[in-house]
Amino acid sequence: MPYTPEKPPLPETPEQLRARIPGWGADLDPADRPSVPRERRDLDSGAHWHEPEQQPGGEDRERSVEHARLTPAFGTAQPLHGLSGAIRRFAYDRYSEGRAAHWLLLIAGDRVDAWESHLASFVSGRPDNPVTETGILSERRRHGLSSRRDGERVDVLHQSFDPVLVGGTWVVAGVVVAAGVRALVRRLR
């Protein structure tokens, strides 16, 4: 059973595993393990429970399909919301954590969440400022070009792509909005 202090039983005995997997159990002999003098099993852990008490409020939390129930303790700081929350919930409900689709959907949910927050900034009356947030202005003030000529930097190769990846999305979004406004104006005429 998960989340208890007992170690679950092995599906195979150590002898079966040693016969099937070459080198299995190489660290079982304490003489072969350098950490053995530091390992202490006689210390009290301080835990006053056999199994942690289940945190309340987990009815709407995402749970991996591999687990029978939600972990005893979980974070509540960022509840799922909007389209990004629906994408993340779908990833947890449908796909195992061992599948690439699960993680790709979570990445897609992060990107959608970023766009949701960008759009929300326009509604709030204090929109994001892509010029200052991309760091373009600091290039001249903070010696951006001369620091790139330093031979010890590991990010020299991708520096030419950074403006495209960071600022290019804003340019594309601006073009899409301008095209949408133009189409709307034409329909209203």
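Contact, as used in these legends, means heavy atoms within 4.5 Å. The model is predicted, so that local features need pLDDT of at least 70 and side-chain atom pairs count only at pLDDT 80 or more, while totals for chains, interfaces and linings use all residues. Residues are numbered from 1 along each chain as its sequence is written, and side-chain values use heavy atoms, with hydrogens and water left out.

View A. Ser84 lies in α2, residues 82-94 (helices are DSSP runs of H or I with at least four residues, numbered from the N terminus). With 0% relative accessibility, Ser84 counts as buried (under 20% relative accessible area, 1.4 Å probe, protein chains only). Apart from neighbours within four places in sequence, Ser84 is in contact with Gly109, Val112, Asp113 and Glu116, and its side chain is joined to that of Glu116 by a polar contact of 2.9 Å (a pair of N or O atoms within 3.5 Å, of which, within protein, one must be able to donate a hydrogen and the other to accept it; residues adjacent in sequence count only if both atoms are side-chain atoms).

**View B. Helix α2 against helix α3.** The axes of α2 and α3 (residues 100-124) come within 8 Å and cross at roughly 170° (lines fitted to C-alpha atoms over the stretch in contact, with angles from 0 to 180 degrees between N-to-C directions). That crossing makes the two helices roughly antiparallel (angles over 145 degrees).

**View C. Leu17 in helix α1.** Leu17, placed in α1 (residues 14-20), is buried at a relative accessible area of 9%. Beyond neighbours within four places in sequence, Leu17 is in contact with Leu10, Glu12 and Trp24.

Terms used
Buried < 20%, exposed > 50% of the residue type's maximum accessible area, 1.4 Å probe, protein only. Parallel < 35°, antiparallel > 145°, perpendicular 65-115°, else oblique.
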